Amino acid sequence: MAIGLPRAGLFVFGVLLSAFRLAHSSADNSSSKVRAVNLGGWLVVEGWIKPSLFDDIPNRDMLDGTQVQLKSVGLQKYVCAGGRGGGGGNVTVDRDAASSWETFKLWRISMNEFQFRCFNGQFLTASDGDVISATADSPGDSETFYIERNNTLLHIKLLNGSYLQVTDNNQLTSNYPSQPGWDDSMATFEMTIVANNLHGDYQLANGYGPDKAKSVLEEHRKNFVSGSDFSFISQNGINAVRIPVGWWIAYDPDPPAPFIGGSLNALDRAFHWAQ
């Protein structure tokens, strides 16, 4: 059964693999106890277990689901999703302090292309002339922005090449007349990363791209857990293991993008090692 996946979320289910002796425990010893260990971070990526998996991702602090706030260098005001509930109207740049309406969740398209999701679920869009609004219910080209970065400073432009700027009346528009320099304060924004705690299969695959992600995950699945680990576990009194796997294993070897196939083969090997 397929389980729906929020873009930056992760659902997993556990598979209990047991040593062959355990399968016949009722015949061998009716009082046998299950002594199990969890093999997390293997067939489901958990960045806190092995952070180095993400080391080579360009702009790895801007992974899918990262929450950011943008402050105009020129006005020293925060970008705010106007309207009701943090979206639904034009974008203003008029807040002295940042909270939920001034926080945007990144949808990462590539290392330099992003979409900005507002607090109420809508997206920043350039679909209404030069004015940037927070009114798009689903993202497309008009909701995709190219980011030029200088540490925490950003220039943001549309795919057509037009740069965003702040106007004197606190509006956000896409009509800056030329390519800005880092001293052009009205077209320069300071980015604060509020939360960057989603480091799973989605973020890894989307960050590296399919080819590099496949290489990274193949190496990880081959070496993070091996047959010798199962031998060590068994020799030390453990008679069962729990292996979390992602819902996309049901579609292996061709799971929906950006997930990378191959986890089912690794799980098959684990059954063999457990026996």
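Thr 125 is buried, with a relative accessible area of 0%. That value comes from a predicted model, as does everything below. Thr 125 sits in strand 8, which covers residues 123-128. Leaving aside residues up to four places away in sequence, Thr 125 touches Val 131, Ile 132, Ser 133, Thr 135, Ala 136, Ser 142, Glu 143 and Phe 145. Asp 141 lies 16 residues away in sequence, and its C-alpha is 8.9 Å from that of Thr 125.

Asn 150 belongs to strand 10, residues 145-150. Its relative accessible area is 32%, so Asn 150 counts as partly exposed; the buried class needs a value under 20%. The C-alpha atoms of Asn 150 and Glu 190 are 9.5 Å apart, although 40 residues separate the two along the chain.

Now step back to the whole chain. It holds six helices and 15 strands. Of its 275 residues, 44% are buried. Take the contacts between residues at least 6 apart in sequence: 63% of them join residues at least 24 apart.

Is it enclosed or open? Eight of its eight residues are buried, so helix 3 is largely enclosed by the rest of the structure. The buried residues are Asp 201, Tyr 202, Gln 203, Leu 204, Ala 205, Asn 206, Gly 207 and Tyr 208. They pack against strand 6, residues 104-108, and against helix 4. Just after helix 3 comes Gly 209, with a positive phi of about 90°.

Leu 204 shows this burial at the level of one side chain. Leu 204 is in helix 3. Its relative accessibility is 0%, so Leu 204 counts as buried. Beyond residues up to four places away in sequence, Leu 204 touches Val 45, Leu 53, Phe 54, Ile 57, Ala 213, Val 216 and Leu 217. For Leu 217, the C-alpha separation from Leu 204 is 9.0 Å, across 13 residues of chain.

Next comes the pairing of helix 3 with helix 4. Two packed helices are described by the angle between their axes and the distance between the axes. Here helix 3 (residues 201-208) and helix 4 (residues 210-223) pack at about 135°, and their axes are 6 Å apart. That angle makes helix 3 oblique to helix 4; roughly antiparallel would require an angle over 145 degrees. On the helix 3 side, the contact uses Asp 201, Leu 204, Ala 205 and Tyr 208. An α-helix has 3.6 residues a turn, so residues three or four places apart point the same way. Helix 4 contributes Pro 210, Lys 212, Ala 213, Val 216, Leu 217 and Arg 221 to the contact. By class, the contact has seven nonpolar, no polar and three charged residues.

What space is left between the atoms? Rolling a probe the size of a water molecule over the atoms shows where empty space is left. The largest pocket holds about 300 Å³. Its lining has 18 residues, and Lys 214, Arg 221, Ile 260, Gly 261 and Gly 262 lie nearest the centre. Helix 3, helix 4 and helix 6 (263-274) each give two or more residues to this lining. Which element gives the most? Helix 4 does, with five residues.

A search of the whole structure finds two cavities of 30 Å³ or more. The largest cavity holds about 60 Å³. Leu 70, Val 79, Phe 116, Leu 124, Phe 145, Ile 156, Leu 164, Leu 172 and Phe 189 line it. This lining has nine nonpolar, no polar and no charged residues. Phe 145 is one of the residues that Thr 125 touches.

The second largest cavity holds about 40 Å³. Its lining consists of Leu 63, Asp 64, Gly 65, Thr 66, Gln 67, Ala 195, Asn 196, Asn 197 and Leu 198. By class, that gives three nonpolar, five polar and one charged residue.

Terms used: Residues numbered from 1 in each chain as written. Predicted model: local features only at pLDDT ≥ 70, side-chain atom pairs only at ≥ 80, totals over all residues. Heavy atoms only, no water. Axes fitted to C-alpha atoms, helices over the stretch in contact; angles between N-to-C directions. Helix = DSSP H or I, 4+ residues; strand = E, 2+ residues; numbered from the N terminus. Parallel < 35°, antiparallel > 145°, perpendicular 65-115°, else oblique. Contact = heavy atoms within 4.5 Å. Nonpolar A, V, L, I, M, F, W, Y, C, P; charged D, E, K, R; others polar. 1 Å grid on protein atoms, 1.4 Å probe; cavity = no way out; pocket = protein on both sides within 12 Å on 5 of 7 lines; lining within 4 Å. Points joined across faces, edges and corners; volume = space filled by probe spheres on them. Buried < 20%, exposed > 50% of the residue type's maximum accessible area, 1.4 Å probe, protein only.
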